[in-house]
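Hi everyone, thanks for coming. Let me put a structure up on the screen, and then we can walk through a few parts of it together.

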Amino acid sequence: MVTLKAVLGLETSCDETAAALVDEGRTVRASVVSSQIDLHARYGGVVPEIASRAHLELIGPVVAETFESAGATLDDVDAVAACCGPGLAGALLVGVTAAKALALVTGVPYVGVNHLEAHLYGAWLQNPDLKLPVVMLLVSGGHTLLVAVDGRGEYRVLGETVDDAAGEAFDKVARLLGFGYPGGPEVDRHARIGSPTAVDFPRAMRGSLNFSFAGLKTAVALHLREHPEVLASEFGVDDIAASFQAAAVDQLREKLAAAADMVNATTLVLGGGVAANSALRSSVVELAETTGRDALLAPLELCTDNAAMIAAAGWWRLQSDGPTPLSAGVNPSARLPGSTP
Ligand code: KG4
Ligand code: ZN
């Protein structure tokens, strides 16, 4: 077992440049996230070239701010972790190269961290002694996974999306409704005002642990084509946002419930950007209560991309696998490690 305390984590897989200092995989001393949303908003999505260039400019200041906020220096770091995939190749390279350089000059180990496993740690770091097995719903802009966690690094993927990811569906529907980018938080905000029963959108893939969101997005598009007046009316878009969100959350909840029964899970774990959704959070808490389970939700600041989850996952990976060789690169299409489909 490697003895180390403080891990510096770096995350640059998409459009957030983030650094964090975390002690023993659980105590967040500082976590800084610099979002590039403004740079990408005018294009309606993330532009990979712009993202890489912005990461290059931001990574230094973000690391410096992390140390300042933790009251620490590079001398206090026992290991450096960076997200090495999945994500945008050029963007990943910035964080991984910076992490290797820092590890090399300070003589501490480097560890490459899988982004999906890190999202699990966004929730798990709050309660590292959680009794297993748990079932996790990982819902982000790029992924929708239902995972049984049997041990650290022992994952079984029970279901995944057959088309769009949950966050992608929120972002696409937001665009149809004329909201800004990223759309998830906007849909959430409008849905609070609207009626979730205004339109009965389809609940897809009943009876399966896999997910589908493309049909739901198309149903929203068709509804808007048939009722274009909705877009002009003040509360019309709120009703559509609420009805779409209700259908999406129902689908997520139904599969989470079935998976929890299947693996006899002690706890329902929720992570990834869409885990910030207020309706999904209440639905998972309520499901846990009614089925006599616990709910462990990633705190809001650890749902969307951040580096505290990278540092926490890196600490545990160092305990189990040791350092990653500096010759290891990035893997833009990495899957959840150690998982069986
Ligand atoms: O995990 P994340 O930051 O990046 C990826 O790894 O993909 O997730 C970003 C996604 C975006 O699609 C965003 O719209 C969605 O999470 N999201 C939300 C909310 N906050 C962020 N979706 C629904 N409701 C929210 N409150
Ligand atoms: Zn993510």
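I'll start with a metal site, go on to some helix packing, and finish with one arginine.

First, some housekeeping: this is a predicted model, where local features need pLDDT of at least 70, side-chain atom pairs count only at pLDDT 80 or more, and totals for chains, interfaces and linings use all residues. Residues are numbered from 1 along each chain as its sequence is written, chains are lettered from A and ligands numbered from 1 in the order in which they are written, and side-chain values use heavy atoms, with hydrogens and water left out.

So, which residues coordinate the zinc ion, ligand 2? They are His-115 and His-119, each through NE2, and Asp-305 through OD, at 2.0 to 2.1 Å. Donors here are N, O and S atoms within 2.8 Å of the metal (3.2 Å for Na, K and Ca), and water is not among the atoms, so the site may look incomplete. Along the sequence, the donor spacing reads H-x3-H-x185-D.

Both histidines sit in helix 4, residues 115-124, four residues apart, or about one turn of the helix. Helices are DSSP runs of H or I, at least four residues, numbered from the N terminus. His-115 and His-119 are both buried, meaning under 20% relative accessible area with a 1.4 Å probe, protein chains only.

Now the packing. Helix 7 (residues 214-226) meets helix 9 (residues 236-263) at about 160°, axes 11 Å apart; the axes are lines fitted to C-alpha atoms over the stretch in contact, and angles run from 0 to 180 degrees between N-to-C directions. That pair is therefore roughly antiparallel, the word for angles over 145 degrees. On the helix 7 side, the contact (heavy atoms within 4.5 Å) uses Leu-216, Val-220, His-223 and Leu-224, and helix 9 brings Ile-240, Phe-244, Ala-247 and Ala-248.

Helix 5 (residues 166-176) also packs on helix 9, with axes within 11 Å and a crossing of roughly 170°, so these two are roughly antiparallel. Here Ala-169, Phe-170 and Val-173 of helix 5 meet Phe-244, Gln-245 and Ala-248 of helix 9.

Last stop: Arg-317, in helix 11, residues 308-321. Is Arg-317 buried or exposed? It counts as buried, because its relative accessibility is 16%. Leaving aside residues up to four places away in sequence, Arg-317 touches Val-111, Glu-117, Gly-153, Tyr-155, Gly-322 and Pro-337.

Methods
Buried means under 20% relative accessible area, exposed over 50%, partly exposed in between (1.4 Å probe, protein chains only). Angles under 35 degrees count as roughly parallel, over 145 as roughly antiparallel, 65 to 115 as roughly perpendicular and the rest as oblique.
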